[in-house]
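Reader: I'm new to this structure and would like to go through it slowly. Could you show it to me first?
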Amino acid sequence: VTSDDEGFRILHRRVPEDVRANDTTVVGASAITVVAVVVFVVAVVLDWEVELQMAALAVAALAFLVGFRRYFAAAYPQIEAAEPRPDLEVEVEPIREIMPMSRRRVLTRTLAAAAGAIGLASLVPIASLGPRYRPPVTGWGPGVRLRSDKGELLRPEDIPDAGVAMVWPDGVPREEHGTVILIRLTREPESPTRLEWVVDGGLVAYSKVCTHAGCPVGLYRPADNALYCPCHQAQFDAARGSIPIFGPASRPLPQLPLDVDDEGYLVATGDFEELVGPPRGRV
Amino acid sequence: MSTSMFELFARNIDRRLALSRPGRKVANKIFPHHWSFLLGEIALISFVIVVLTGIFLTMFYRPHIDPVLYTGASAVYEGAELPAAYASLVILTYDVPVGDIFRRVHRFSATVFVASIIIHGARIFLTGAFRKPREVNYIIGLLLLLLGIGAVFTGQILPYDVIAGITLRITYSFLLSIPYVGPQLAFWVFGGEFLTADVLYRMYVMHILIIPAGIAALVTIHLALVVRQRHTQLPHPRVDGRRWIVGTPMWPWQFVISTSLFIVIVLGVLLASILVPWNDTALHGPYLIGNVSNAAQPMWSLLWVEGALRIIPEFEFELLGTVISQVFVVGVVMPGALFGGLFLYPFLERWRHPVHEPQHVLEHPLDVPLRFGLFWAVSTGLFLFTIAAMNDYIARTIWIDVEAVTWFFRITVPTLPIVVGAVAAWYAATHEPLWGGQHEERSEVERDPHA
């Protein structure tokens, strides 16, 4: 390095000793690198363990690192240098205009407003990204049967004591807002449970979409009839209208109006009466 | 002495493009000789690795959710109907030679990318490297952090496993909760009511095109500004750092250091990928509405939001025709406040302590007690929220109720950061100035230009 660049100064310079051992290291490391790469290719072709393939690559990288550093260590001196910092606050004479300041300011603002209007026009395509918002509707309605995640229509006797089932409206499988958890409670349900929607003594159905952040309320704890959300630990009392008993949820899980039809299948008698799932910024 | 082919080629190129003079300027560019200046380089290196491995992965990934029949080497999924996206991941992992390596390295380097940006940012923050004239680059750095988090976030969606599905669902809830505009916004982002087929494809476009292009553009500007403004530097015993930049020239030793670092990062990523199977697709299974798992967690850099969702008590009330809810405050207001504060910090500090001169020499973290205390207070808060995201796991491990663990965090989160921050600030304030007196006039460079 020379100091012909304006201002560049060398403060300290250490010249390495010229040793032959260095050359041996470079050659040896390069050889190991090549061997490791060959092992890698063979390992891939012969479909050996993926960990072994990566280990071969790692050895290649390590050996190359050693050779690379030795190569430069012998070829260049270590240098500490300095260069002057540039002055960042430089005044430049503006390009002169001929229009008087008073008129220019008005015109500039008018033109900027016009440019802004074009900018706003570029936001219009955003509206194409999705349909107009409408509140959620589910497939539940009068007489709609309950179909389980295993694809079966359910009768009350299909749910044993303390048993649960994940169900959807018949014909609308795996539909987000229609997801329901059907539970046979281990004790008498009480208010605020809508008792007229309880079937067969202790069979209740709630929306499975958590009223906190929308996770499926996945777990039922028969000991205290609690519904438990594995995402954020919101807990609901299924025997008391699924009111929140701990955690971050504010509203109970909406209860599905439940009945049994003439053929003995479980049916809904209507849709949910409350908002399903997490809060929405537009009521 | 004979001229090599390479020299001949270089000379002919130079006679046409005149690169040798600017080239020498680049070769002589000075880099401060301190490890903390390599943190940003680690981010750059991991970004390169992520892009290269990502290009390979893109060749095989299918951003669709329609079911396809998988037949291949995976015994678990052989003959199963899987969402196309998930199936393409199983194929990458089990049926494409070196596909598994690429997935593991891609995922782990992405972690290194975000982590190194955060540590680099902490260094910038603590040493005051964001001060005049570098506020612009500080803002660009924060934008890069946001894009990095966005890249990992969208990348986590692509497998379309249970974690991806639940992450999407909670994101949808965040958007819905925004007062007035939220529901429409959620419909625009997702293309309709949850769950749409569009959303995976949109995440894919963000992940492979928009976010990487944004990162590449901002990294270019970030580096160009460092070249234009020069690096900051630690106080030097013999040189006035306000007027000179001291360190290692680009060629050859900074080049050697950077290249070595590149190899070391590759090495580290490979070793980490051997030890930990960073690809864990086979563990979770494809997403189906209604399914959920305790393991459904966002990546670590967003765990603090998850922790806040868990421990902040419930509230939801109507106000001025809209609903203000816990989900809105945790998912939108808190991240907004954190990053808003970070973006504004240089200007707040300058408003409190006006400076007019350019600040090229760094400060010791302990020499600025308030900033030091603030850093530890915020870090403690984020750390506690992050740990709180594992409250169920902690409860299971040490055999106490999850309610008790939650209450532990409900009490410590509002108090401990204040205590830690105050202690840190007090400790720094009682400390002798470490890098004080750095503004004395001194310059060996000027006394003896050709030392």
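Reader: At what angle do helix H12 and helix H13 of chain B pack, and how far apart are their axes?
Author: This is a predicted model, in which local features need pLDDT of at least 70 and side-chain atom pairs count only at pLDDT 80 or more, while totals for chains, interfaces and linings use all residues. Residues are numbered from 1 along each chain as its sequence is written, chains are lettered from A and ligands numbered from 1 in the order in which they are written, and side-chain values use heavy atoms, with hydrogens and water left out. Helix H12 (residues 303–311) and helix H13 (residues 326–352) of chain B pack at about 145 degrees, their axes being 10 Å apart. Axes here are lines fitted to C-alpha atoms, for helices over the stretch in contact, and angles run from 0 to 180 degrees between N-to-C directions; helices (H or I, at least four residues) and strands (E, at least two) are DSSP runs, numbered from the N terminus.

Reader: And which residues make that contact?
Author: On H12(B) they include B:Trp304 and B:Leu309, and on H13(B) they include B:Met334 and B:Leu338, where contact means heavy atoms within 4.5 Å.

Reader: Switching to strands, how many bridges join E5 to E6 in chain B?
Author: Four bridges join E5 (residues 316–319) to E6 (residues 322–325) of chain B, and these strands run antiparallel; two strands pair if DSSP finds at least two bridges between them. B:Glu318 stands opposite B:Val323 in E6(B), and in this hairpin, with two residues between the strands, B:Leu320 takes a positive phi near 50 degrees.

Reader: What is the strand order in the open sheet of four strands?
Author: The order is E1(A)-E2(A)-E4(B)-E1(B), with antiparallel pairing. E1 of chain A and E1 of chain B stand at the edges, each with a single partner strand, so one side of each has no neighbour in the sheet.

Reader: Okay, cysteines now: which two form a disulfide?
Author: A:Cys215 and A:Cys231 do, with their sulfur atoms 2.2 Å apart, a disulfide being a pair of cysteine sulfur atoms within 2.5 Å. The structure holds one disulfide over all chains, and the link of A:Cys215 and A:Cys231 is left-handed, with -90 degrees about the S-S bond.

Reader: Are those two buried or exposed?
Author: A:Cys215 and A:Cys231 are both buried, where buried means under 20% relative accessible area, exposed over 50%, and partly exposed in between (1.4 Å probe, protein chains only). A:Cys210, by contrast, is in no disulfide, and the nearest cysteine sulfur, that of A:Cys229, is 4.3 Å away.
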